[in-house]
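Could you walk me through this structure in my viewer, one selection at a time? I would like to know what to pick next and what I will find there.

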Amino acid sequence: MQRIGVFVCHCGTNIAGTIDVKAVAEALKNEPGVVFSTDYQYMCSQAGQDIIKNAIAEHKLTGIVVCSCSPRMHENTFRKTAAAAGLNSYMVEIANIREQCSWVHKEMPVGTEKAIILGKAAVAKVNLNAPLTPGESPVTKRALVIGGGIAGIQTALDIADAGFPVDIVETKPTIGGKMAQLDKTFPTLDCAACILTPKMVEVAQHENIRIFSYSEVSEIKGFVGNFDVTIKRRARYVKEDLCTGCGACTEKCPQKKVPNEFNLGMDNRRAIYIPFAQAVPKVATIDADYCTMLKTGKCGVCSKVCTAGAIDYQAKDEFVEEKYGAIVAATGFNPISMDKFDEYAYSQSKDVITSLEFERLTNAAGPTAGKLLRPSDGEHPHTIVFVQCVGSRCAACAEKGKEYCSKICCMYTAKHAMLTRDKYPDTDVYVFYIDVRTPGKAFDEFYRRAVEEYGVHYIKGMVGKVSPEGNKLKVQASDLIAGKQLHIDADLVVLAAAIEPDKSARPLATMLTASMDTNDFFTEAHPKLRPVESPTAGVFLSGTCQGPKDIPETVSQAGAAASKVIGLLAKDKLTGNPCVAHSDENMCNGCSTCGNVCPYGAITYEDKEFRMPDRTTKMRRIAVVNEAVCQGCGCCTVACMSGAMDLKGFMNKQIMAEVDAICK
Amino acid sequence: MQVNGEFKPLIVAFCCNWCSYAGADLAGNNRLNYPAEVKIIRVPCSCRVNPMFILRAFQRGADGVILCGCHPGDCHYTSGNYYTRRRMALLFSMLDYLGIEKERTRVEWVSAAEGAKFAATMNDFVEKVTALGENKRLEDLRCKK
Amino acid sequence: MQEIKREDLIAKAAQLLADGTVDRVIGWKKGEFDYDVTPAVFTSKEELENEFVWNDFCGANFSKYLRKEAEKTESKAAVFLKPCDTYSFNQLLTEHKFDREKVYAVGVPCNGMLDDSKIKAAANGISSVSEENGKVAVETLYDGKITLERNEMLAERCVNCKSKKHVAYDELLGEDGEVLDSARFDEVAKIEAMSADERFAFWQNELSRCIRCNACRNICPACTCEKCVFDNPDSGVENKAIADSFEEKMFHIIRAFHVVGRCTDCGECSRVCPQNIPLHLLNRKFIKDINGFYGDYQAGAEAGSRAPIVDFTKEDLEPGEAVERGGENA
Amino acid sequence: MAMMNDPLIPVIGVVTDIRIDTPDVKTFRVVTPDGKKAFDHMPGQCAMLSIPGVGEAMFSITSSPTNTEFMEFSIKKCGCLTQWLHAMEVGQQITIRGPYGNAFPVDTAFAGKDMLFIAGGIGLAPLRSVINYCRHYRDRYGKIDIVYGSRSMEDLVDYKEIIDEWVKDDGIDVHLTIDREQPEWTGHVGFVPNYVKELGFDTNKTAILCGPPIMIKFTLAGLQEIGFDKTQVYTTMELRMKCGIGKCGRCNIGSKYVCKDGPVFRCDQVDELPDEY
Amino acid sequence: MRKISLDKLNQLFAEIASKNSLYIPVDTAAGAKYEKYDGTQTMSDALNTTRSAKDFFFPQTENLVDFKVEGKNIEIKEPVNEYEDFVIFGARACDVKSFEILDRVFLADPVDNFYKNRREHGVVVSMACTKPAETCFCGTFGIDAAAPAGDIVCHKTADAVYFDAKTDKGAKLLESLNALTEDTDSAAVDAQTAQTREVLKKLPLAGLDASAFGADKTMEFFNRPEWQTISESCLGCGTCTFVCPTCQCYDIKDFNTGNEVKRYRCWDSCMYSDFTKMAHGNIRNSQVERFRQRFMHKLVYYPTNNEGIFGCVGCGRCMAKCPVNMNIVKVMRKLGGNK
């Protein structure tokens with residue numbers, strides 16, 4: 001029999017506004033086991049917590065129920081409170097009477113009645129709670145950063161600077177990510193390469209950082225503090241340790257017709273290549289899809305010109321297994337495909353380009369060496385139309401684009417427009433927009449300069465259709481403010497394509513058992529309070545894999561993720577979740593069903609000798625749960641027909657007690 | 001349950017901790033209304049829900065039982081909801097076979113981001129169960145008030 | 001009429017005992033009446049000759065005895081297995097329920113077993129039952145000799161026999177048969193075709209007869225728990241008697257659910273039910289659904305196979321769809 | 001309309017006092033809600049206590065019938081119900097029915113006899129009722145010897161009453177023993193059966209034996225060794241009682257029903273029963 | 001002795017049912033069972049019902065008392081049972097005998113009032129057997145299937161049913177039916193009785209002899225080694241005990257409905273592995289001990305405590321229903337020297 005204290009929180013008026021908290025406290029007084037019941041303004045405040053602590057001492061409480069906000073919010077808070085008062089933290093249950101009661105019901109009697117029932121269910125559960133002690137597991141003091149863009153780079157550097165070894169896994173031959181492809185950055189207009197490449201070099205030279213470029217994560221096992229990761233190092237046919245990055249091979253390679261992905265296919269590269277001059281690692285890579293030697297066995301030019309002897313046509317994919325304590329997802333983004341937006345004639349005309357392609361067109365290292373020339377004929381465009389929100393904020397056409405705002409397009413379009421007008425004052429620049437969103441430091445000022453100083457034509461309205469006619473692009477659009485249709489003969493149309501998470505994120509999320517939202521952005525543990533952590537312990541989020549963001553935001557999140565990782569790796573031991581499965585060996589019949597459904601392989605079987613009531617002994621096969629590996633999903637408990645397998649903290653009896661209390 | 005001559009169903013909703021419970025919280029954050037007849041029980045994963053809990057709820061007077069979990073593929077525990085899906089497909093089919101109204105049980109996948117879906121689902125479920133009336137086919141007369 | 005004769009079985013058993021392969025044999029023992037057959041353990045040729053029986057009433061599945069015997073000593077026990085019994089045999093192996101090394105399995109072909117309750121319904125005061133020209137001849141106390149069609153007296157599970165093929169054995173007596181294309185799901189389909197009200201009425205009527213004697217559970221080869229949840233006061237669902245009609249549903253639904261993917265459809269539950277509740281129709285519903293939802297699966301067809309209930313694919317149908325499909329899946 | 005008034009239907013008892021005897025034994029004082037004794041009993045009889053929803057269990061009544069105000073039960077924590085009982089606080093209501101079983105033949109076979117009480121652990125609970133009955137009617141009995149042992153000093157039930165009252169009574173010799181040495185223990189150390197043999201009593205006594213089965217077995221053998229006959233030794237088997245009225249089908253040992261023919265048996269009677277206890 | 005022609009039997013049922021609840025055996029898919037007469041059923045000709053008639057007095061579950069628990073307080077709510085008068089029609093000799101066997105348990109001090117009330121309110125109208133089954137062996141225990149006991153004894157012939165009241169209760173009921181019945185002599189009944197007795201002699205189990213068993217033979221049988229072998233096939237289910245008309249083991253359990261605690265009594269079976277499991281352990285740990293207990297109880301312990309009356313009535317239900325055909329006849333053959 002427990003001695004339970006009930007603490008009903010007003011949460012200001014958040015709860016008390018719709019729930020008669022005094023009535024709730026009063027009603028729960030008579031529940032079995034309850035010896036104390038009270039209410040208070042803010043239970044989570046210091047004063048509120050003190051009420052709990054005092055009551056635990058004064059009434060010798062063995063369990064407490066806090067009727068308050070969601071346990072996702074403050075369960076931990078109250079567990080700590082209980083622990084501080086000498087009560088086992090797992091003797092605490094939360095009745096969620098805010099998110100799931102006061103905020104969704106309007107009438108006081110209805111809310112109060114439901115709150116009482118939720119409270120009763122929590123009391124019924126606590127009556128069956130048992131003190132739980134978390135198990136301990138060691139922490140591998142090494143972090144894995146998946147993705148080598150600015151987010152991954154920044155996270156890795158911060159972790160490495162704190163003294164912990166970090167590995168970066170990047171699918172491309174070089175780190176740098178999207179930022180390496182950018183020309184200038186808003187709103188300060190500094191050159192992206194100028195600020196990024198020093199960081200890339202720093203990564204390359206950092207004693208605590210290893211880069212696995214041209215690699216991907218193929219398997220993740222284990223759990224926080226103890227991940228076992230298999231990294232697939234794709235064969236690049238060039239020995240990284242020998243290649244000096246001289247580039248001789250990339251000049252001599254006879255296969256010249258390989259679309260250059262770094263320039264988004266707007267020019268070509270060789271079959272052996274270094275993506276760009278400042279690539280890190282600065283090592284050549286053979287593109288097996290195009291290399292004549294690898295395809296036909298005849299060529300070998302690169303090998304001949306390589307004085308370092310770095311070429312290795314026999315190379316195979318390699319698998320590296322490494323242990324990590326923490327994993328950071330920094331998988332980044334891509335512009336969405338324009339296939340479904342044929343009204344803008346992207347597939348019909350080379351002169352309809354995306355903003356990222358525009359970045360390359362204006363970049364000195366780009367296909368046009370920084371001169372703004374039309375891709376179709378290399379002529380200088382005189383009229384440029386920028387179309388905003390292509391695929392963003394597409395609530396009505398969810399199958400075509402994305403419901404969300406891609407966040408960065410307004411600013412980079414302003415940047416493109418401004419830079420065009422600055423360099424080519426003879427060019428007319430039109431920007432079609434739904435809204436212009438500039439909520440950042442110096443953002444609006446930047447946009448206003450584009451309009452006011454640079455004379456960019458900002459037109460509120462959407463482009464309906466772009467039709468190529470001769471060497472012109474007929475742009476049909478509406479001007480919502482003037483209330484008229486516009487027809488513009490443009491030379492170049494630039495589409496601000498929505499951004500979406502990289503396709504590698506979803507399989508990664510599955511391996512990490514991290515959750516994602518419907519758009520495949522990683523879900524954070526809490527949208528406000530834990531924005532850089534995944535709900536899966538030990539997995540952290542950095543950059544746009546969590547949601548659209550610009551560079552400064554990305555870098556700050558990257559740093560935040562790093563600090564969380566450092567906080568984790570700084571510990572010598574982790575205390576686990578004590579709510580794990582446990583098999584009653586007297587009930588278990590060793591049928592192996594539970595092992596079949598365990599996602600973590602946490603269940604093994606052993607033969608054990610049992611003393612029978614008639615004093616004989618009997619060998620029986622029984623299930624044994626590895627508590628450090630078990631994550632507490634409870635799948636095994638349902639697979640187990642004998643009821644031997646139960647889940648601590650969510651025992652069959654506890655859940656049934658809640659059911660009973662609710663249905664009473 | 002009859003309240004002032006009007007039938008108010010009792011609904012037990014089992015929500016997985018990671019997606020659906022968070023989805024329900026989000027419905028609260030966004031102040032999306034759904035009937036107070038819905039009472040949520042938090043479970044770590046939808047796969048923690050034993051068919052016995054569902055029957056137990058009906059025995060004790062529930063008129064409808066709904067399980068909410070992460071969308072298939074999004075399970076916090078990788079595969080828990082896949083098992084839930086099979087178990088419940090078989091169980092619900094059996095209940096239907098026994099002549100128990102199929103509208104009284106439901107599985108719905110609700111992510112942490114789908115507060116609106118959570119509220120809409122609950123509104124719809126309550127409406128359907130209300131239309132059915134009191135649970136008579138899986139009741140335990142001893143538990144009647 | 002069984003192809004293999006009693007004498008052949010006795011000879012085989014005696015040989016296994018004599019050559020030391022085994023030191024005991026699980027078989028059928030004759031009782032008071034021709035239809036009265038009890039599973040028993042034989043240890044000598046004399047016992048076998050005096051009491052061993054092999055006739056149309058040797059329906060009992062030996063799974064429970066097999067487990068008990070395999071646990072007893074280090075030596076081997078022989079067991080006679082009809083084709084349907086071999087499925088239970090494999091399923092027990094899958095679940096590590098006995099040590100294969102301790103059992104010598106002798107496959108016996110089966111022509112289907114008779115249901116004594118069908119004969120009793122047709123004949124009053126039975127003094128003997130025998131085989132005559134492929135028919136069942138019953139001597140009665142009151143009506144003289146009655147001749148019955150064998151097919152009509154077959155046990156339900158034998159009418160719908162799923163397989164004449166032995167899927168496991170050390171040695172096979174006689175010829176092996178084939179897996180049959182039985183109509184065993186017809187009855188389930190018939191119920192599925194009823195309206196929900198009719199289905200409810202049907203099952204209410206059937207299940208209300210349950211006296212919770214546990215015969216179905218205790219004979220069931222798949223019920224292998226150390227302690228059944230319904231017997232365990234700590235399980236929270238202990239259910240000793242049918243104090244309310246809910247409890248009979250609870251017991252039978254959960255029991256059927258606990259053997260999902262493990263039930264080989266041996267039909268013992270229905271055979272032993274003193275109240276003639278067609279319990280196999282619950283298990284068969286699950287089997288039919290599994291086949292329809294996830295592809296054909298026969299528990300016990302292969303030792304070590306993974307049942308669909310402990311497996312999944314990413315494209316499985318949703319519970320809502322499953323219910324909508326109801327009986328429509330083939 | 002008929003109120004059932006059936007033997008299976010209990011009455012309400014209120015716990016008015018809880019004494020902590022040992023780490024796992026508590027003694028509960030029980031009266032009816034109007035403050036009276038729930039029913040009269042004789043030493044050795046039992047009562048069925050229950051907490052609705054938890055279960056029923058049979059306990060020997062520890063207090064003497066001569067106590068007309070209340071009943072006491074010394075209960076060791078060992079199962080679900082006893083765990084609940086141990087968690088009770090004063091004022092808690094429980095249900096009680098009884099008395100059940102026969103009693104020690106205190107007014108017949110025991111009358112005028114020298115008494116030897118031998119108990120181990122919680123086995124003192126049923127004997128306390130007899131001992132206090134004998135103390136109350138002191139002149140009806142001869143010399144009284146009490147041998148009582150437990151695992152440790154802390155595990156001696158009713159230690160205070162033993163020291164404060166029994167030891168001080170004239171004509172009562174109390175022999176205490178514990179299984180293992182303890183610094184603060186100055187008394188005897190050793191197991192009860194051996195101690196009984198060491199003490200070597202006159203064989204004209206009537207012995208009453210209560211304790212764990214293994215103790216009973218060896219003590220009985222020990223008593224026989226020093227010359228006791230089984231007809232002089234009594235024991236109680238209340239652990240076998242379930243429904244209390246000999247109908248539920250559990251308590252029989254052969255054809256004898258512990259609920260009705262017992263729980264008190266003379267050891268020679270036990271010999272006549274099949275070996276199923 | 002009174003009689004009624006067979007075609008008027010339903011009128012008689014209607015008449016009884018108008019004043020009391022009337023239960024008659026009715027054929028169903030699962031064999032005969034007692035149903036409350038509602039004017040639509042016809043009486044089964046089956047020899048016996050699948051379940052025994054003990055349910056009328058000792059139902060499988062019955063509520064004993066309710067408790068309302070609030071805080072530290074308990075309120076006892078005794079059930080206020082209105083026992084209605086009822087008539088059981090067509091009980092066979094074996095089942096009628098079983099009532100006597102149950103009486104000796106439940107009506108012994110202390111009296112079980114639940115049972116007693118039902119017993120007092122029930123009138124047993126028995127029906128003589130004419131075509132006993134091969135599984136019948138009531139004669140072994142001195143029961144005459146042709147002349148059962150009961151408050152009223154019936155004999156059914158090809159065209160009529162004859163009634164003979166044996167008790168005051170029976171006489172009263174029979175008298176109330178005088179308008180429908182006519183006076184008659186016992187010739188037809190005597191003839192039938194004689195004929196049935198001839199049949200009984202020829203039954204396959206007619207020679208089964210229980211004389212080796214009986215009172216005070218505990219030690220003679222308890223340690224017999226045969227128990228081990230014959231119990232081997234027992235699955236430990238409760239079928240035999242639940243269909244048995246004389247098995248009366250029960251358990252008392254609490255069910256918490258959430259609002260109150262219902263204490264109910266339900267049938268239990270000494271064949272169940274945890275039947276004797278109590279806080280201090282289990283005294284009958286193996287199936288052989290439990291198996292022995294059941295048959296020793298029927299054949300030795302019960303007679304010991306009840307002037308030699310056996311605890312079995314030879315109805316043959318256990319023979320018909322045991323999943324593995326293990327039964328009391330086989331036990332008697334093995335241990336009692338019956339061949």
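Start by selecting helix H6 of chain A, residues 108-126. In this predicted model, 16 of the 19 residues of H6(A) are buried, so the helix is largely enclosed by the rest of the structure. A residue counts as buried here if 20 or more other C-beta atoms lie within 10 Å of its own. Now check the length of H6(A): from its first C-alpha to its last it reaches 26 Å, close to the 27 Å expected at 1.5 Å a residue.

To see what makes the contact, show side chains for A:Ser355, A:Phe358 and A:Thr362 on H12(A). On the H13(A) side, show A:Cys409, A:Tyr412, A:Thr413, A:His416 and A:Leu419. Colour these residues by class and you will get four nonpolar, four polar and no charged.

Next, bring in chain B and look at where it meets chain A. Here 44 residues of chain B are in contact with 43 residues of chain A. Which parts of chain B each supply at least two residues to this side? Select helix H1 (20-29), strand E4 (38-43), helix H2 (51-59) and helix H3 (80-97) of chain B to see them. H1(B) gives the largest share, with six residues. By class, the side of chain B that touches chain A has 24 nonpolar, eleven polar and nine charged residues.

Now move to chain C and its contact with chain A. This one takes 14 residues from chain C and 19 residues from chain A. On the chain C side, colouring by class shows three nonpolar, six polar and five charged residues.

For the last stop, colour chain C by its domain assignment: domain 1 is 6-115 + 161-172, domain 2 is 118-147 and domain 3 is 186-328. How far apart are the C-alpha centres of domain 1 and domain 2 of chain C? They lie 28 Å apart. Zoom in on where these two domains of chain C meet: five residues of domain 1 are in contact with six residues of domain 2. The domain 1 side of that contact has three nonpolar, no polar and two charged residues.

Terms used. Residues numbered from 1 in each chain as written. Chains lettered and ligands numbered in written order. Predicted model: local features only at pLDDT ≥ 70, side-chain atom pairs only at ≥ 80, totals over all residues. Domains from an automatic or database assignment. Contact = placed C-beta atoms within 7 Å. Nonpolar A, V, L, I, M, F, W, Y, C, P; charged D, E, K, R; others polar. Helix = DSSP H or I, 4+ residues; strand = E, 2+ residues; numbered from the N terminus. Expected span 1.5 Å × (residues − 1). Buried ≥ 20, exposed ≤ 12 C-beta atoms within 10 Å, placed from the backbone.
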